[in-house]
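I have the sequence and the model open side by side. These are my notes on what I looked up, spot by spot.

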Amino acid sequence: MNAVLRFFSSVRVALWIILLLAIVSLSGTLLRQMPPVVAADPELVQLWLEQVARPAYGGLTGVLDFLGLFDVFHSPVFLVLGSLLIVSITVCSLKRWPSLIKISRGVDSEDALRLLDKGHATRATSRLSAGDGVAAIENFFTKRSYRLRHLSSGEVKLFLADKNRLAPWGTYAIHLSLILLIAGYLVGSYSGYSNDSFIVAEGETRDIGAPYGISVHLESFEDEYYATGAPKDYRAQVQLLSAGVVIKEGLIRVNYPMEYGGLRIYQSFFGSAVRIGVANSSSGVEVFNGSIALADGFAAEGYQRFSGTLDLNAQNLFVYLISPAAGGDPVIPADSIRLEFYDGEQPEGQFIDFINIPIGQHAEFQGLVFSPEEMTQFSGFQLREDPGLGLVWASLALFMLGLVLVFYFPHRQIIVSIKPDTKGSRISFTALGKKNQSAIEEMEAFGRAVAATGQIAPKTPGKENMN
Amino acid sequence: MQAIFFWGSLLALGLIFLLLVAYFLTLRSNKGMEAGATLRQTMMGMLVLSFVLLSGLIITRWVDTGHGPFTSMWEFAVAFAWGIIGLGLLYWMRYRLMLVTGASAVVALALIGFGAYLFATGEFDPSAPSDLVPALQQSFLLSTHVAAAALSYGAFAIGFVASIMFLSQRKQAKPWMPAPETLDRLSYHTVIVGFPLLTLVIILGAIWAEYSWGRYWSWDPKETAALVTWFFYAAYLHTRVLKGWQGVRSAWLLVIAFLAVIFTFFGNYFFEGLHAFEVV
């Protein structure tokens with residue numbers, strides 16, 4: 001058990017994990033990655049490998065796929081490395097807790113004397129008397145807002161100076177924030193709600209379903225373009241309804257989602273829709289009247305078309321509504337809609353026939369009159385509720401707080417002893433955390449201050465060149 | 001007006017490059033500090049001028065387009081160069097190392113040269129309308145996210161230059177170059193400025209992505225490349241603070257990390273993904 005804890009608390013191990021994560025992430029950047037919708041379907045995966053990966057990577061495709069490098073961020077390698085990093089951070093954090101409490105309290109006199117006795121303490125002799133030296137030391141630390149504790153032992157005066165005692169907790173905050181970040185991600189992944197393709201045609205109302213019990217009514221959708229043809233704005237005017245009552249309404253635009261409870265509704269994509277009426281030709285009774293989104297893109301014979309479906313169960317008819325391809329279509333005339341009829345839902349239903357109907361006109365099929373009245377639009381929304389989001393933002397704020405504490409308010413501890421000497425006084429001083437650049441600089445500043453008091457040795461630091 | 005500022009800054013940076021070569025040769029041939037001092041003062045004047053010109057370019061473009069000029073590779077190249085020169089001057093005030101600040105300006109020159117290439121090849125036309133696509137219409141996040149990136153990358157560029165100078169002295173210190181210990185310290189200081197800023201870039205990007213795309217993280221190639229860069233600098237800080245790394249190993253790590261910065265910067269040319277709107 002101890003060996004395992006030692007392993008995970010090793011900085012060297014943590015660095016290797018970080019390095020390996022960086023390399024794996026880099027491969028996820030350099031290699032093409034499967035979209036999530038493809039990765040979820042084995043058939044689509046095979047199709048993607050043949051059509052996208054093989055032309056790009058040739059004979060390496062099989063090996064790269066075997067290693068999971070086409071879906072790196074969901075691959076076992078990535079998940080194992082990520083988990084190891086979290087374990088490492090947790091073990092390090094727990095291990096450091098007692099020492100952090102001790103560090104933030106400040107070094108005690110016993111430790112201070114022991115550190116000064118070590119060979120790496122700087123020793124200097126000053127012409128100042130011990131009393132004047134004490135005043136100079138106090139002045140140095142007071143000016144720099146240090147907490148100064150002093151003890152006397154006979155002729156020796158010991159100063160324990162420290163500043164920014166919260167800084168060591170900054171590292172802790174950074175590591176804790178990474179754990180919170182993963183926790184937030186997991187909470188969001190396993191308990192959130194997500195629908196990437198919630199389509200509503202203009203004038204239509206669609207139920208979001210459980211657990212929300214609310215519906216989205218799209219009053220209008222507008223897409224606006226600059227003179228250059230670049231998109232300028234996509235805006236959907238919507239109402240949220242509960243039991244038929246409007247509970248919220250407003251505009252949804254890119255960057256400006258609508259929020260209700262914890263649910264956010266984002267403007268994601270859009271396309272054409274057709275408003276169509278279907279009525280019994282003999283009785284005139286309306287069978288259907290509404291807008292159908294033509295959201296399913298498909299390519300045939302080099303033409304990209306979009307389709308929607310209409311299920312007329314009672315009439316045992318399943319209808320595909322297909323818009324003509326942009327830029328001219330040899331099969332479907334412009335300003336028309338093609339209706340393909342099946343005797344049941346696809347893929348079981350058998351094809352019966354098709355008709356092309358100009359918008360604004362009507363046509364009859366099997367005792368039903370189909371009247372495509374006008375082309376409208378649909379809006380594709382993304383619905384998201386992420387209960388882990390608060391944790392994620394808290395973790396990021398904690399991370400920044402930690403960085404600020406560590407880098408801009410670094411912990412500084414300097415121990416100084418001074419005692420009378422025949423030439424004046426003798427000063428010994430050392431800083432804790434000598435790997436820390438700020439501690440080194442503070443030591444140098446203190447060294448210069450000591451030198452300015454009439455130090456005899458060591459030498460005054462030389463002037464640096466300006467190249 | 002933009003053209004005057006742009007070509008003016010290219011000219012100023014080009015002159016800094018020539019002055020730097022002369023300064024380098026003067027120092028190397030030990031012709032004395034007097035000649036060096038004149039060149040140093042002239043370079044300082046040119047650096048201030050190039051900073052003013054780049055600031056003027058950013059301001060006039062901002063006014064002309066009505067939004068922060070951070071939406072195309074040309075604009076970001078200018079912002080990146082501005083970050084290098086601005087921070088180079090700040091580091092000069094602290095360290096007084098003209099060789100480092102002057103050599104950093106060469107990276108800025110390369111960026112403005114890249115901007116001129118985009119202009120010459122017609123990939124970027126400053127007079128064309130700079131239309132913001134809907135995803136970029138978030139003024140505050142657009143400005144802060146990209147400005148933080150420009151400053152962060154600027155700091156890393158200076159650290160890269162200092163590290164190269166450090167490595168050039170790894171066998172023997174050259175008396176006419178800045179002391180290796182000072183370069184090592186300066187490199188560290190660039191990271192403690194650049195790293196929090198890079199973290200801020202990623203965090204602001206995540207907040208923006210949450211509002212724009214409904215996901216704070218999408219493993220988009222550009223954001224992953226930024227994360228990889230972040231990993232390199234995190235490794236630098238860990239090795240330095242916890243393992244006491246200094247000198248050659250740290251310098252090599254910073255050189256590699258800056259290559260990751262360059263890779264992230266040019267990523268739009270070979271990545272597909274959600275940041276693809278930034279290409280030109």
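Is A:Ala243 buried or exposed? I looked it up: A:Ala243 counts as exposed, at 79% relative accessibility. The cut-offs are under 20% relative accessible area for buried, over 50% for exposed, and partly exposed in between, using a 1.4 Å probe and protein chains only.

Before going on, a note on the source. This is a predicted model, in which local features need pLDDT of at least 70 and side-chain atom pairs count only at pLDDT 80 or more, while totals for chains, interfaces and linings use all residues. Residues are numbered from 1 along each chain as its sequence is written, chains are lettered from A and ligands numbered from 1 in the order in which they are written, and side-chain values use heavy atoms, with hydrogens and water left out.

I found A:Ala243 in the loop between strand E7 (231-242) and strand E8 (245-253) of chain A. Helices (H or I, at least four residues) and strands (E, at least two) are DSSP runs, numbered from the N terminus. Most residues other than glycine have a negative phi. A:Ala243 isn't a glycine, yet its phi is positive, about 50 degrees.

B:Arg96 does something like it: no glycine, but a positive phi of about 55 degrees. I located B:Arg96 in the loop between helix H3 (73-95) and helix H4 (98-120) of chain B. With a relative accessible area of 36%, B:Arg96 is partly exposed.

Next I checked helix H4 (residues 42-57) of chain A, which spans only 20 Å between its end C-alpha atoms, whereas a straight helix of 16 residues would span 22 Å at 1.5 Å a residue. The expected span is 1.5 Å times one less than the number of residues.

Where is the kink in H4(A) centred? I traced it to A:Leu49, with a kink of about 40 degrees. The bend at a residue is the angle between axes fitted to the seven residues ending there and the seven starting there.

A:Leu49 is also one of the buried residues of H4(A), along with A:Val45, A:Trp48, A:Ala53 and A:Tyr57. An α-helix has 3.6 residues a turn, so residues three or four places apart point the same way.

At the start of H4(A), a side-chain oxygen of A:Asp41 comes to within 2.9 Å of the backbone nitrogen of A:Glu43. Just after H4(A), A:Gly58 has a positive phi of about 55 degrees.

**Entry: chain B as a whole**

I counted elements in chain B and got eight helices and zero strands. Its radius of gyration is 19 Å, close to the 19 Å from the globule rule for 280 residues, so chain B is as compact as a globular protein of that length. The radius is taken over C-alpha atoms, and the rule is 2.2 Å times the number of residues to the power 0.38.

Along the principal axes, the C-alpha atoms of chain B fill a box of roughly 60 × 50 × 30 Å. Of the 280 residues in chain B, 63% are buried. I also checked contacts (heavy atoms within 4.5 Å). Among those in chain B between residues at least 6 apart in sequence, 80% join residues at least 24 apart.

Then I opened the UniProt record, an unreviewed entry, which places the feature "transmembrane region" at several spans of chain B, including 6-25 and 188-209. UniProt positions are given in the numbering used here, feature names are shortened, and annotations may be inferred rather than shown by experiment. Residues 6-25 of chain B are 100% helix and 0% strand, with end C-alpha atoms 29 Å apart. Residues 188-209 of chain B are also 100% helix and 0% strand, and there the ends lie 31 Å apart.

**Entry: where A meets B**

What does the side chain of A:Asn255 reach at 3.0 Å? I found the backbone oxygen of B:Ala135.

A:Asn255 sits in the loop between E8 and strand E9 (258-260) of chain A. A:Asn255 is buried, at 3% relative accessible area. Among the residues that A:Asn255 touches are B:Pro134, B:Trp208 and B:Tyr211.

Methods. Polar contact = N/O pair within 3.5 Å; in protein donor to acceptor, adjacent residues only side chain to side chain.
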